[in-house]
Amino acid sequence: MGGEEELEDAAALIAGAKHPLLIVGGGVKYSGAGETVEHFCEEFHIPFGETQAGKSACKSSHPYCLGGIGVTGTSAANEIAKEADVVIAVGSRLTDFTTSSKYLYQNEKVRFLTINNCRYHAFKMDAIRAVGDAKATLEALAGKLKERRYVSSYVNEITEAKEKWNRELERLGNIAYTGENFEPIVSARDPRTIPEFVNLTGGVLTQTAALAAINRTIEEDAVIITAGGSLPSCLQRMWKTDYRGGYHAEYGYSCMGYEVAATLGVKMAEPDHEVYALVGDGSFQMLHSEIMTIRQERLKVNILVFDNCGFGCINNLEMNNGIGSLATEFRCTDGKKPTGDLLLVDYAKIGEGYGLKSYTCRTVEELVEALEDAKEQNRSCLFDLKVLPKTMTDGYESWWNVGIAEVSEKESVMKAREDVMEHRARVRKY
């Protein structure tokens with residue numbers, strides 16, 4: 001735990017704050033400090049946002065929980081973060097996604113407090129720091145704040161931000177395909193893709209509606225696993241769980257291919273809980289060989305493959321930065337460009353080939369029916385979800401510093417470059 005001088009500095013910083021915000025990082029999980037964070041925030045009226053590593057350390061239903069924060073965060077967390085005058089980062093590495101490339105915290109007078117057992121991370125963002133265990137440090141800090149009779153100055157801001165986000169969650173969970181004039185969440189796209197996808201697969205699932213249905217249907221104490229692609233972004237925003245440790249994400253390096261292997265590990269660690277891997281088709285193709293190990297160990301897991309015929313997240317990144325669709329959709333090429341038809345894969349048959357109980361889900365109703373049936377199975381299950389491209393969530397009050405070419409013949413690239421430079425001018429210099 002941090003020394004007395006560090007604790008006094010930390011207490012003094014918070015005591016002078018009117019609108020503090022706490023960030024729940026992975027260190028909260030490792031310390032077993034979820035309940036401690038909740039009590040701390042209740043006592044001093046401080047809202048908290050969650051990183052990918054910290055999500056499910058605290059309960060999603062907690063009145064001070066704003067959900068995910070940063071590039072893949074909720075509007076609730078990011079809007080509160082923009083006005084925060086003190087940011088208390090507990091067990092967080094304060095990466096580019098958590099800070100929106102140092103763009104998110106726009107209050108000119110904002111100060112940072114870090115509680116971290118790694119001195120390197122504790123020094124980030126020019127922070128006042130208390131180097132030590134999250135749980136022990138928060139408990140000691142709470143004592144000092146009680147002596148000062150500290151309470152934040154929030155009135156209705158937290159409740160209003162949460163209510164606004166809950167309305168958005170409701171909207172996301174009910175987005176449905178409406179026919180040939182359907183407009184997806186992400187507008188930058190190849191106009192061929194969605195009509196072609198629907199015609200070839202019959203799939204009319206939107207990604208956000210699928211996630212909402214899964215969240216409603218599976219067990220309350222289930223553990224989900226996610227890693228690369230657009231799914232971690234959607235899940236950090238949309239997923240709710242009160243089971244501590246019920247959200248397992250590898251997003252430090254967005255490690256595509258991690259999901260199936262991690263599902264095996266999580267199931268071995270928590271054999272009495274149902275375990276679900278939520279994996280994109282691109283990530284599934286990269287690595288799913290541990291399905292054989294799962295069978296060898298006679299374990300029951302659930303693998304949900306979100307098939308949108310490509311690397312959807314990277315396609316968004318390309319198209320939103322003026323590059324255009326460059327080999328991120330599964331299409332036949334003419335030797336240079338992907339100008340041909342979409343290439344389909346029957347992931348249900350891959351599951352059947354491994355001896356798994358498999359389902360193909362093209363609608364919300366088929367998905368829910370399959371999830372309910374899978375609960376009765378005693379062998380591993382694979383779900384082939386035919387999910388409409390471009391129906392993942394988009395950003396909320398955030399920005400990510402992406403490297404863009406300084407020189408290009410494409411006007412769209414140069415325009416994207418201008419936007420990047422404008423945002424870089426507004427980031428905080430630390």
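Tutor: Let us begin with strand β1 (residues 20–24), which is mostly covered, since 5 of its 5 residues are buried, where buried means under 20% relative accessible area, exposed over 50% and partly exposed in between, with a 1.4 Å probe and protein chains only. Strands here are DSSP runs of E with at least two residues, while helices are runs of H or I with at least four, numbered from the N terminus. This is a predicted model, in which local features need pLDDT of at least 70 and side-chain atom pairs count only at pLDDT 80 or more, while totals for chains, interfaces and linings use all residues. Residues are numbered from 1 along each chain as its sequence is written, and side-chain values use heavy atoms, with hydrogens and water left out.

From β1, P20, L22 and V24 point one way, whereas L21 and I23 point the other way, and all are buried. Two strands pair if DSSP finds at least two bridges between them. Strand β4 (residues 86–90) runs parallel to β1 and is joined to it by 5 bridges, with P20 standing opposite V86. Strand β2 (residues 48–50) also runs parallel to β1, through 3 bridges, and there G49 is the bridge partner of I23.

Both L21 and I23 are touched by Y105, whose other contacts (heavy atoms within 4.5 Å) include V87, T99 and F112, not counting residues up to four places away in sequence. T99, which lies in helix α5 (residues 96–99), counts as buried because its relative accessibility is 2%.
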